[in-house]
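Visitor: I am new to this structure. Please show me how to read its features, one at a time.

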Amino acid sequence: MISVRRLGSARLAAAVLASGLVAAGAIATAGPAAADDTTPHQGGATATLGGLKTSDFAVIHPEGAKDQRVGAGLFEMNVDGGGTLQTYCIDIHNPTQRQAEYKEVPWSASSLHNNADAGKIRWILQNSYPQVNDLSKLASSAGTGTLSEKTAAAGTQVAIWRYSDHVKVDAVDPEAEKLADFLEKSAKDLDEPKASLTLDPAAVSGKSGDRLGPIKVNTDAANVTVTPDAAAAGTGVKVVNKDGKPVTSALNGSELFFDVPTGTPDGSSSLTVQATTTVPVGRAFASETKSQTQILAGSSDSTVTATATANWAKKGASPALTAEKNCAKGGVDITASNEGDEPFTFELQGTKHTIEAGKSETVTVPVTEDQAYDFTITGPNGFEKKFSGVLDCKTAEIPSGGTDEPVSEPSAATTGGSDGGSTGGEGDLAETGSSNATPMIAGIAVAFLAVGGGTVFFLRKRRATAGE
């Protein structure tokens, strides 16, 4: 959460490398047949970070380093399509990037993947501000004096940090510190909340003349709208339910299918489901721009979306591919299935994989922390699927030997100076790790491209014809 000169330099270098790799990969592999999933996303809310909105102050006591005073409290995010989220930080030493895009992700794809205290963080969120917005009731339960929105937010953030980053940190305000101590001692393990909206699986395949699926809708929304790919209308491909009837809406548990008429030329299509709902408290939000990971504390009615794709062929291999970050294994899971009538063969980091007809296989591609990846897998009839992103699975650490003082500058990508909406108050302190390095990162990334810096992974299907 702090913007520290030495730490910032290390994270900047990683971000520069990531930017160069992703951009270089996009240029090298671009093609009309490419399907680009720039960030493996299981579905849910996508939002833009607005900044720290309700906060007071805390002091971090790093081992062997100077104490650091930082802002601590609630961030606000604006949801794509409508809605607002309130979040706390769960990556104290990683700077924020103002206007960074965040996606709702499972704990397994975030720094919480190996955190035995993740469930306690969710308990804190459910039993403190803003879920408990009666501050007198919260103060009574915690045995504190009067709490304001600022001190309640700061105390809650401090308690979360103690479990998310396992750091020694205290709230500056005495009543906020009492609240933090109460929440830390009272916290109990809770299960991870379910996603606001997902489709399972996110990719299917088969032959023309078949119904491709099922694709199950998982959501806590009352219903979702179903929108087929506009390009599919001219081919006769429809999205239908299990009875074969075209659908424009669905419920939790509904099964969707792509109905591909016999004789349809080999090709692909997609569908998008969308709903308005509140996102469950405790869902993690991660960014590809090395902006600190967040956890949801509150949600208005917000727009959530998920997309699924279909690929079909008259004969031969018919692959379906998905990718998902696997923080436990330190990589990206590439899942390939084949609903055709011939094997589907591709190479992954020098190893050939063959998916027999009617079978599926998941391969984990190792990726270094903070490293960008860019995978492209090709198949028959011009099939091509691309996955790119940055692996961010760990909380940042202060380098050994200590750090400098926090940088007293406003957040990145601001237009017109500091955040006028912040209730944090003091402009001479770092806004919980915000950074103004974004323009520099972009400039250096261009330089990386100019000299061809970085390494990009390319995964290509082995051609059946010799010499190709």
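Guide: Start with a contact, meaning heavy atoms within 4.5 Å. In α4, the residues T151, A152, G155, T156, V158, A159, R162 and Y163 meet A176, E177, L179, A180, D181, L183 and E184 of α5. These contact residues divide into eight nonpolar, three polar and four charged. Here Ala, Val, Leu, Ile, Met, Phe, Trp, Tyr, Cys and Pro count as nonpolar, Asp, Glu, Lys and Arg as charged, and the others, Gly among them, as polar.

Visitor: What kind of model is this, and how are residues numbered?

Guide: The model is predicted: local features need pLDDT of at least 70, side-chain atom pairs count only at pLDDT 80 or more, and totals for chains, interfaces and linings use all residues. Residues are numbered from 1 along each chain as its sequence is written, and side-chain values use heavy atoms, leaving out hydrogens and water.

Visitor: At what angle do the axes of α4 and α5 cross?

Guide: Two packed helices are described by the angle between their axes and the distance between the axes. Axes are lines fitted to C-alpha atoms, for helices over the stretch in contact, with angles from 0 to 180 degrees between N-to-C directions. Helix α4 covers residues 149-164 and helix α5 residues 174-186. Their axes come within 8 Å and cross at roughly 40°. That makes α4 oblique to α5. Angles under 35 degrees count as roughly parallel, over 145 as roughly antiparallel, 65 to 115 as roughly perpendicular, and the rest as oblique. Helices (H or I, at least four residues) and strands (E, at least two) are DSSP runs, numbered from the N terminus.

Visitor: How many salt bridges does a search of the whole structure find?

Guide: It finds 12. A salt bridge is a side-chain nitrogen of Lys or Arg within 4 Å of a carboxyl oxygen of Asp or Glu. Take E177 and R162, whose side chains meet at 3.0 Å, N to O. E177 is in helix α5 and R162 in helix α4, 15 residues apart. Both are buried, meaning under 20% relative accessible area, with exposed over 50% and partly exposed in between (1.4 Å probe, protein chains only). R162 and E177 also belong to a network of salt bridges with D170, D181 and E184.

Visitor: Which parts does the salt bridge of K325 and E288 tie together?

Guide: The two side chains meet at 2.7 Å, N to O. K325 lies in strand β18 and E288 in the loop between β15 and β16, so the pair ties together parts 37 residues apart in sequence. K325 counts as buried at 10% relative accessibility. E288 is partly exposed, at 23%.

Visitor: Where are the partners K386 and D374?

Guide: K386 lies in strand β24 and D374 in strand β23, 12 residues apart in sequence. Their closest N and O atoms are 4.0 Å apart. K386 and D374 are both buried.

Visitor: Now the backbone. Which residues does a cis peptide bond join?

Guide: Look at omega. A cis bond joins Y129 and P130, with omega about 10°. P130 is in the loop between α2 and α3. The bond from G213 to P214 is also cis, with omega near 0°. P214 is in strand β9.

Visitor: What is phi at D370?

Guide: It is positive, about 75°, although D370 is not a glycine. D370 sits in the loop between β22 and β23, and counts as buried at 14% relative accessibility.
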